[in-house]
Amino acid sequence: MAYKILLVEDDPELVEIITDYFVEKSEKAFKIDYIQNGAEVLPKCYEKEYDLVLLDVMLPNVDGFTICKELRKNSDIPIIFITARHNESDRLYGYNLGCDDYISKPFSLAELFAKATALIKRSKGMVRSDEIMSVGRIKLNPYRHTVFVDDEEVILAPMEFTVLKMLMENQGKVVTRERLLIQVWGYDFEGNERVVDNHVKKLRKSLGSAAQQIKTVFKQGYKLEG
């Protein structure tokens, strides 16, 4: 069964990027419809039952805040705001209207996918706190955002956690620097691939002796071995 997501975004390029990533990453477990005009959102939601709404704040005709407020009158569908606004007052206003989460532009596709997946699972009662990933001496709980090496907890910064999770999801496979850059730092990140190397260096330091599980693949990227 495919979970249905309504993506409300007026940037066609961003719509294509998000849709392609979600479909490929979920192996078609997600089906995405998209709308560019805010005025069309409520009729679409009432016409079709969605599992999640990814909602831009700044939209033609009707803004995302108004849409969220109206949806909450009749529906508890999970809502993640996608926004270029970064100030705290906007975030608090969105939460007061009933949104479930926020992600700010420019964003990591991997982070958006993780937020969407976790939110859908929580809404469906599918979250298991004991559902952990394990490669060699490293264990990672994607829902509690915890990492352990030989049963000793390791504290990672958010970016290092995301890099490690991506390497664990691709155990034994080379993950290129370019792919890490796009999926962790975002599709329009203006830095270069050196930022990937710097964060892997920090990640290795945090993992201690388990750092040897992360292998550097010359001129390509990194892979995690058991």
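Two strands pair if DSSP finds at least two bridges between them. Helices (H or I, at least four residues) and strands (E, at least two) are DSSP runs, numbered from the N terminus. With those terms, an open sheet of three strands can be described: its order is 10-12-11, with antiparallel pairing.

This is a predicted model, in which local features need pLDDT of at least 70, side-chain atom pairs count only at pLDDT 80 or more, and totals for chains, interfaces and linings use all residues. Residues are numbered from 1 along each chain as its sequence is written, and side-chain values use heavy atoms, with hydrogens and water left out.

- Contact means heavy atoms within 4.5 Å.
- Strand 10 and strand 12 (residues 221-224) run antiparallel and are joined by two bridges.
- Thr-176 has Gly-221 of strand 12 as its bridge partner.

**The annotated domain**

- The UniProt record, an unreviewed entry, places the feature "domain: Response regulatory" at residues 4-120. UniProt positions are given in the numbering used here, feature names are shortened, and annotations may be inferred rather than shown by experiment.
- Over residues 4-120 the chain is 44% helix and 21% strand. The end C-alpha atoms of that stretch are 10 Å apart.

- Strand 1 (residues 3-8) runs parallel to strand 3, and four bridges join them. Val-8 has Leu-55 of strand 3 as its bridge partner.
- Strand 3 also runs parallel to strand 4 (residues 79-83), again with four bridges. Here Val-53 has Ile-79 of strand 4 as its bridge partner.
- From strand 3 the chain crosses through helix 3 (residues 64-71) to strand 4, and this β-α-β crossover is right-handed. Right-handed means that, with the strands pointing away from the viewer, the path from the first strand over the helix to the second runs clockwise.
- Strand 4 and strand 5 run parallel, joined by four bridges. Ile-82 stands opposite Ile-103 in strand 5.
- A right-handed β-α-β unit is made by strand 4, helix 4 (residues 88-97) and strand 5.

**Buried strands**

- Strand 3 (residues 52-56) is mostly covered, with five of its five residues buried. Buried means under 20% relative accessible area, exposed over 50%, and partly exposed in between (1.4 Å probe, protein chains only).
- Leu-52, Leu-54 and Asp-56 point one way from strand 3, and Val-53 and Leu-55 point the other way.
- In strand 5, Asp-101 and Ile-103 point one way, Tyr-102 and Ser-104 the other, and all are buried.

**Nonpolar cores**

- The largest nonpolar core has 29 residues. Such a core is a set of buried Ala, Val, Leu, Ile, Met, Phe, Trp, Tyr and Cys residues joined through side-chain atoms within 4.5 Å.
- Ile-138, Val-147, Leu-164 and Leu-207 have the most contacts inside this core.
- Elements giving two or more residues to it include strand 7 (138-141), strand 8 (146-149), helix 7 (177-185) and helix 8 (194-207).
- Helix 6 gives the most to this core, with six residues.
- A second, separate core of 23 residues includes Phe-22, Phe-107, Leu-109 and Ile-120.
- Leaving aside neighbours within four places in sequence, Ile-138 has contacts that include Val-147, Leu-164, Leu-207 and Leu-224.

**Single residues to look at**

- His-199 is found in helix 8. His-199 is buried, at 14% relative accessible area.
- Beyond its neighbours within four places in sequence, His-199 is in contact with Met-159, Glu-160 and Trp-185.
- Most residues other than glycine have a negative phi, and most peptide bonds are trans.
- Asn-61 is not a glycine, yet has a positive phi of about 75°. Asn-61 is found in the loop between strand 3 and helix 3, and is exposed at 64% relative accessibility.
- Asp-151, also not a glycine, has a positive phi of about 70°. Asp-151 lies in the loop between strand 8 and strand 9 (152-154), and is exposed at 63% relative accessible area.
- Lys-105 and Pro-106 are joined by a cis peptide bond, with omega about -10°. Pro-106 is found in the loop between strand 5 (101-104) and helix 5 (109-123).
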